[in-house]
Amino acid sequence: NRPILIRGKGIVIGVKDEGRGEIRHTASGTTLQNNNDRIVGAVSLLPSSQENDSIIDVLSNALSLGIPPMHKSRWKKLYGPISAQRLDYTDILKKKQKHIMLQTLKHPKFIYVQQIGVLTEFQGKGVGKKLLNMVIQIAESLGDTALYLETESEENESLYKHFGFKTIETIDMVVPGDNHTDAKQTMWLMVRAPK
């Protein structure tokens, strides 16, 4: 998300806690703590025109953050011997995205819903719905703009279908030669066509 946040290649939308705060009981007494400024859910969006990482993005990330830890030998035990190959293998998702949007569906103008998340204690309380509705409104206001996302959960797939997304392809991501019990990751590639 660094290119989105630092280089302005996309946007991040957050939803704040709309509660009145919560009562805290402490040794010194009872207080009302206001959490209204706390972000409880967020979504990051990337327009199709900004989908490719430039050399500046790659260098900026490397200089600011360093190389991913799973590429460093001292961290391989923590992340696993094949974790670097798994990370590199995720590039297949970008290739699939381009193929689906540009060649299969012929939608050159789309928004990539890169990430969406809600704090655990706020899940099931309409925060995700609010975020998705905002994203849909943005796409519809731009006219002829599709939405694209990937999910690794069948439960999330049914949630996105409720908002008009359709599963275009399901892929099982397995790094060649990875025989670990957790080697396979199923991904649902989904699109919401423009209205």
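How many helices and strands does the secondary structure of the protein come to?

1. The protein has seven helices and eight strands, taken as DSSP runs numbered from the N terminus (helices are H or I with at least four residues, strands are E with at least two). This is a predicted model, in which local features need pLDDT of at least 70 and side-chain atom pairs count only at pLDDT 80 or more, while totals for chains, interfaces and linings use all residues. Residues are numbered from 1 along each chain as its sequence is written, and side-chain values use heavy atoms, with hydrogens and water left out.

2. Overall figures. Of the 195 residues in the protein, 31% are buried (under 20% relative accessible area with a 1.4 Å probe, protein chains only; exposed is over 50% and partly exposed lies in between). The accessible surface is about 12400 Å², and carbon and sulfur atoms hold 53% of it (Shrake-Rupley method, 1.4 Å probe). Among contacts with a separation of 6 or more, 68% are between residues 24 or more positions apart (contact means heavy atoms within 4.5 Å).

3. Nonpolar cores. The largest core has 21 residues, of which Val-43, Leu-45, Val-113, Leu-147 and Phe-165 touch the most other members (a core is a set of buried Ala, Val, Leu, Ile, Met, Phe, Trp, Tyr and Cys residues joined through side-chain atoms within 4.5 Å). At least two residues of this core come from each of β1 (11-16), β4 (39-47), β5, α6 (127-142), β6 and β8 (185-192). Helix α6 gives the most, with six residues. Another core, of 13 residues, lies apart from it and includes Leu-93, Phe-110, Tyr-148 and Met-173.

4. Aromatic pairs. The whole structure contains two (ring centres of Phe, Tyr and the six-membered ring of Trp within 6.5 Å; planes under 30 degrees apart are stacked, over 60 edge-to-face, the rest tilted). Tyr-112 and Tyr-148 make a tilted pair, 5.9 Å centre to centre with 45 degrees between the planes. Tyr-112 is in strand β5 (residues 110-118) and Tyr-148 in strand β6 (residues 146-151), so the pair ties together parts that are 36 residues apart in sequence. Both are buried: Tyr-112 has a relative accessible area of 11%, and Tyr-148 one of 0%. Tyr-160 and Phe-165 pair edge-to-face, at 5.8 Å centre to centre and 65 degrees between the planes; both of these residues are buried too.

5. Around α7. A side-chain oxygen of Ser-153 comes within 3.2 Å of the backbone nitrogen of Glu-155 at the start of helix α7 (residues 154-162). Just after α7, Gly-164 has a positive phi of about 95 degrees.

6. Asp-178. This residue is in the loop between β7 (166-173) and β8, and is buried at a relative accessible area of 5%. Its side chain makes a polar contact of 2.7 Å with that of His-180 (N or O atoms within 3.5 Å; within protein, one must be able to donate a hydrogen and the other to accept it, and residues adjacent in sequence count only if both atoms are side-chain atoms). Not counting residues up to four places away in sequence, Asp-178 touches Ile-82, Arg-86 and Ala-183.

7. Thr-145. The loop between α6 and β6 holds Thr-145, which is buried at 5% relative accessibility. The side chain of Thr-145 reaches the backbone oxygen of Gly-143 at 3.0 Å. Leaving aside neighbours within four places in sequence, Thr-145 is in contact with Lys-109, Phe-110, Ile-111, Ala-139 and Pro-194.
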